[in-house]
Amino acid sequence: MNTGPTSPTPPPECPAHAAAATAGGLYRLHGPEAQADPLALYEKLRAEHGAVAPVLVSGDLPAWLVLGHRENLDVARTSSRFARDPRGWRDMKEGRVPADTPLGPMVSWVPVCNFTDGPVHERLRSAVVESLERFDKRGIRRYVTRFANQLVDQIAGEGYADLVSAFSDQLPMLVMTQLIGAPDEHGPLLVNAARDMLQGTETALQSDRYVTSTLEQLVVERKARPVRDLASWLIEHPANLSDTEVLMHLRVVLIAAYETTANLIANTLRTVLTDPRFRASLSGGHMTLPDALEQVLWDDPPINTIIGRWATGDTLLGGRQVKAGDMILLGLAAGNADPQIRPDPAASVHGNRSHLAFSSGPHECPGQDIGRAIADTGIEVLLDRLPDLQLAVDASELQWRGTLMSRHLLSLPVRFAPRPAAKAQPEAEQPAGHPVHAAVPPQPVVAPAVAGRRHRAVSWWRRLLGLG
């Protein structure tokens with residue numbers, strides 16, 4: 001574990017000084033060691049500091065990580081003390097944040113609901129929430145069922161698959177591109193371009209431009225010809241969003257929903273495949289699939305940490321003296337494991353939705369029910385079609401790609417008895433008002449990027465996962 005700040009001495013009374021006496025200095029939340037086992041680090045910090053711990057983020061910049069469940073709720077629900085607008089960050093205002101910081105996409109203000117508070121936030125969020133609520137949930141589930149069956153058909157005859165690349169990384173984006181209203185001729189490419197963008201590959205810059213230009217075209221088309229999709233509903237909402245606001249919020253929903261739902265599906269499937277008691281409870285009817293999802297949202301939430309909040313004034317939090325302009329990190333996974341509310345982490349939490357997986361307060365994720373619908377319907381189809389799924393490697397061999405905010409399972413290899421693809425089903429009713437693509441989309445065609453070049457702005461989802 002790397003310890004100790006390496007940046008210039010921080011100003012008095014900032015989080016760095018609060019931990020100056022701890023052995024080895026402050027713990028970094030960036031780098032391979034912290035990302036390898038974040039839950040272990042959270043528990044070490046809890047043991048040393050209690051409910052709120054001083055830490056370092058990228059660039060060895062000081063921040064407070066909230067570890068307590070109650071303290072997380074306090075921060076999330078009290079925007080008057082802890083603002084969502086990053087322009088109040090003292091280190092940024094005083095010039096201690098490098099221009100090329102990896103935190104840039106997460107701390108650069110843009111006019112979207114999750115970076116605003118007060119009346120502006122209420123106007124923007126009302127448009128998103130009320131538009132999402134117009135979807136017919138049963139229609140969405142029929143929609144998910146069709147795409148999930150298509151994905152299973154692609155692997156059913158092989159007897160072997162990687163459920164991350166073949167299923168969990170595909171299904172959420174297939175559904176969300178249609179719900180936002182992506183034109184059919186662009187939908188297949190948009191699915192893979194968005195995934196390519198999020199993975200930060202050599203073609204991420206071109207993929208990012210493709211996503212943006214496609215959404216810009218969508219806004220223009222829906223202004224001229226509205227249908228029953230999210231783009232049309234945002235445009236016609238009484239909040240009177242500008243074209244730029246519509247575009248940005250379509251992107252918020254598309255990207256944030258993708259990463260969180262993909263992680264939820266992968267984490268749930270991993271738990272089913274590696275925990276015999278969990279699988280037995282599920283297959284034996286002692287636990288429903290929605291129950292299983294809630295258990296995973298407690299134990300292995302899609303997002304570990306949210307950046308961020310910024311203290312609007314000097315205040316006390318978890319016994320710590322927080323100064324105006326300090327960065328606050330919502331520790332969702334750490335809060336879920338708080339022994340004050342879960343003294344026995346092995347105990348069932350069936351029926352308990354007080355976890356922090358979707359945050360809380362005015363910025364609580366407004367699309368969580370759609371994410372749940374995609375995850376539980378998709379997993380149900382997969383387990384029904386391939387009930388004999390078995391992990392093809394030892395659980396210890398599974399690997400993750402870690403960031404400050406989340407861990408994404410890299411692969412989930414499975415074996416099963418090969419079987420033929422399902423018979424074609426009639427067209428399902430579509431909640432977005434247009435037909436489904438006939439097949440799982442191919443890879444997008446994008447021009448090669450300059451070798452080694454990375455698009456620093458591809459981490460949009462990192463700033464958007466605190467959606468609200």
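**A sheet and a cavity**

Mentor: Gln390 stands opposite Arg415 in β13. Strands here are DSSP runs of E with at least two residues, helices are runs of H or I with at least four, and both are numbered from the N terminus. This is a predicted model, where local features need pLDDT of at least 70, side-chain atom pairs count only at pLDDT 80 or more, and totals for chains, interfaces and linings use all residues. Residues are numbered from 1 along each chain as its sequence is written, and side-chain values use heavy atoms, leaving out hydrogens and water.

Trainee: Which strand do two bridges join to β10?
Mentor: Two strands pair if DSSP finds at least two bridges between them. Here the two strands run antiparallel, and the partner of β10 is β13, residues 413–415.

Trainee: Which strands stand at the edges of the open sheet?
Mentor: The three strands have the order β5-β13-β10. Each edge strand has a single partner, so one side of it is left without a neighbour in the sheet; these are β5 (160–162) and β10 (390–391).

Trainee: What is the volume of the second largest cavity?
Mentor: On a 1 Å grid over the protein atoms alone, a cavity is a set of points where a 1.4 Å probe fits but cannot get out. A volume is the space filled by probe spheres set on the points, which are joined across faces, edges and corners. For this cavity that is about 80 Å³.

Trainee: Which helix gives the largest share of its lining?
Mentor: Lining residues have an atom within 4 Å of a point. Both α2 (32–36) and α3 (38–49) supply at least two. The largest share, three residues, comes from α3.

Technical notes: On a 1 Å grid over the protein atoms alone, a cavity is a set of points where a 1.4 Å probe fits but cannot get out, and a pocket is an open set with protein on both sides within 12 Å along at least five of seven lines; lining residues have an atom within 4 Å of a point.
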